[in-house]
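Work through the following exercises with the sequence and the coordinates side by side.

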Amino acid sequence: MGDAAPLLEVRELTRHFRVGKAQVRAVDGVSFAVAPGDTLALVGESGCGKTTTARLILQLDEPTAGEIRLDGRDLRQLDRAGLRQFRNDVQAVFQDPWSSLNPRMRVREIVAETLICNQRLGRKELDRQVDAALTAVGLRPDHARNYPHEFSGGQRQRVAIASALISRPRLLVLDEPVSALDVSIRSQIMNLFKDLQAEFGMSYVIVAHDLGTTRYMADQIAVMYLGRIVEIGPSEEIFEAPKHPYTKALLAAALPSHPDTPHDREELAGEIPSPLEPPPGCHFHPRCPAFIGPVCETDYPDLDPVEGAGARRVACHLYRGAAVG
Amino acid sequence: MPPPAGGVARGSGRSFGLASRYPLVPITILMIVLVIPSFFADLIAPHDPYAASVPNRLEPPVFAGGTWEFPLGTDRLGRDILSRTIHGAKYALSISLVGIFLGTILGTAVGLAAGYFRGWTDRIVMRVVDVSFALPSILLALALAAAFGSSFEGVIFVVVFVLWSYFARQVRGEVLSLRERDFVARARVAGAGHGRIIFRHILPNVMNTVIVLATLQIGVVIILEASLSFLGIGIPRPTPAWGLLVADGRALVVSAWWVSLIPGLAILLTVLSVNLFGDWLRDRLDPKLRQR
């Protein structure tokens with residue numbers, strides 16, 4: 001990555017929520033870029049800010065600070081026409097297809113919604129596009145007449161995907177797109193996402209806590225902890241040789257693909273701390289198995305490139321020469 | 001529509017066995033007591049409801065020793081109670097339909113706005129709802145009657161005033177949870193504006209609740225109208241509204257019990273049937289039962 005101009009660029013994105021008198025830093029200075037046709041996965045435990053980041057990209061929520069650029073254009077400066085284009089270009093698939101499809105709407109209208117809202121098309125043209133989108137996700141055109149409750153979970157998610165595809169978006173934000181589905185259906189849906197990406201050349205931003213999905217789909221991975229990215233880089237590198245102690249623990253917690261594979265568990269102690277009062281210094285230090293001294297308790301490490309770790313950047317004092325001691 | 005074989009027994013508290021699972025009985029009673037009389041009162045009623053006939057005053061009903069001339073007896077002025085009760089259905093039905101129609105629209109619109117926009121809209125609306133819950137409807141009716149005299153419009157006004165807050169509160173609650181559902185987020189991602197989200201996504205999902213609530217309110221409205229008329233602050237005399245008919249027999253309960261009993265029975269049967277029908281409708285339309 002880095003060679004082509006990025007499609008999506010997120011810079012120092014920050015979102016604070018006020019909870020009573022306290023402040024939750026749900027997203028705290030997150031930066032990344034996604035090239036056209038690339039897939040970035042945001043990974044972390046619940047409460048790490050990955051879903052908030054996704055909502056900010058989708059403009060369902062306003063950032064406290066920082067900027068999001070699509071094609072180099074700042075989203076805050078979009079005019080009406082620009083916003084309309086944005087709604088065509090960026091679409092989403094949500095986690096739970098029981099909640100993301102309006103139970104009182106026929107599939108036809110659900111799938112056509114983006115076109116209905118943003119383009120003036122005739123009925124015939126609309127029907128043609130709905131047919132094409134349903135076919136692309138492996139449903140039959142006559143499913144358009146049905147209501148969502150007439151479908152199974154996997155089919156519902158296909159309807160959701162068809163509705164996201166219809167405007168030929170360039171970026172799809174996938175919020176845990178398979179975690180609400182039966183295990184037997186997941187691989188089908190993941191394959192569908194891969195095929196669609198190959199066919200239409202979209203970029204994906206995937207929010208996931210499930211590393212299996214991530215490994216299969218993502219080119220880049222950004223591991224988040226309490227609102228910040230702790231490690232970001234190419235997916236293969238991170239899975240082969242994780243650098244940040246949190247990433248290591250996260251990978252170790254995942255089950256091995258074969259039960260006989262040696263599997264040394266490095267279990268994390270304790271719960272994820274309250275985001276209302278994140279620990280000072282490195283947020284991870286109270287649970288960190290590689291805690292190296294007072295510097296962890298006082299300074300938040302920068303997200304910097306690490307020697308011998310390729311294109312990766314890691315936020316950990318372990319890899320700062322000066323810090324060791 | 002018949003219930004599924006072996007019908008899902010649902011502990012709804014108010015269960016009248018067969019009647020609550022199978023709405024034919026309440027619907028039949030409603031047709032006989034309320035709907036047919038209100039549309040065809042002039043054809044069915046054996047006498048003019050206003051015609052007094054002093055020689056025939058306080059005739060008992062036929063089953064208590066009266067004649068077939070006045071099957072359900074006569075009142076103090078010799079007016080036929082059957083005819084008056086039949087004509088009374090017109091007022092019960094028209095007031096509940098008009099009142100509920102207006103109250104439902106007003107309450108639903110306000111509830112949608114409060115739940116969807118939240119913030120100060122919501123705060124103001126909910127304070128007004130609180131006030132309107134706290135204000136006794138009888139007192140309001142008394143004030144209105146004192147200021148403008150009792151009238152049909154006055155009764156409608158009181159009905160709307162009492163009803164809208166129920167709808168507003170119920171709809172607001174549902175909208176608050178609906179607006180957080182993913183399909184609303186998806187609609188926003190698709191570029192839908194507030195109007196489309198409210199009317200295409202949220203309103204259709206609260207319609208069932210609104211319909212069931214409106215049906216269940218028919219009983220409340222009929223009782224309210226009867227109470228107002230009974231107190232003399234509802235429909236003006238000598239209109240044969242049910243509440244007035246009951247009031248007419250108040251002083252005679254011991255000697256001529258039928259004067260109050262017959263219209264009272266009409267009220268009882270109507271309200272009971274409407275509630276049974278409403279319960280059945282709620283079970284039918286409950287999206288939680290129909291989905292998944």
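Two residues are in contact if their C-beta atoms, placed from the backbone, lie within 7 Å. This is a predicted model, in which local features need pLDDT of at least 70 and side-chain atom pairs count only at pLDDT 80 or more, while totals for chains, interfaces and linings use all residues. Residues are numbered from 1 along each chain as its sequence is written, and chains are lettered from A in the order in which they are written.

**Exercise 1.** Determine which elements of chain B give two or more residues to the side that touches chain A.

Solution. Begin with the count: 17 residues of chain B are in contact with 19 residues of chain A. Next, assign them to elements, where helices (H or I, at least four residues) and strands (E, at least two) are DSSP runs numbered from the N terminus; helix H7 (182–189) and helix H8 (194–230) of chain B each give two or more residues.

**Exercise 2.** Describe how the buried residues of helix H2 (residues 80–89) of chain A are packed.

Solution. First identify the buried residues (20 or more other C-beta atoms within 10 Å of their own, with C-beta atoms placed from the backbone); in H2 of chain A, A:Phe86, A:Arg87 and A:Asn88 are buried. Then find their partners: the buried residues of H2(A) pack against strand S4 (65–70), strand S6 (90–93) and helix H3 (107–118) of chain A.

**Exercise 3.** State what percentage of chain A counts as buried, and give its helix and strand content.

Solution. Of the 325 residues of chain A, 42% count as buried, and the chain has 10 helices and 12 strands.

Key. Buried ≥ 20, exposed ≤ 12 C-beta atoms within 10 Å, placed from the backbone.
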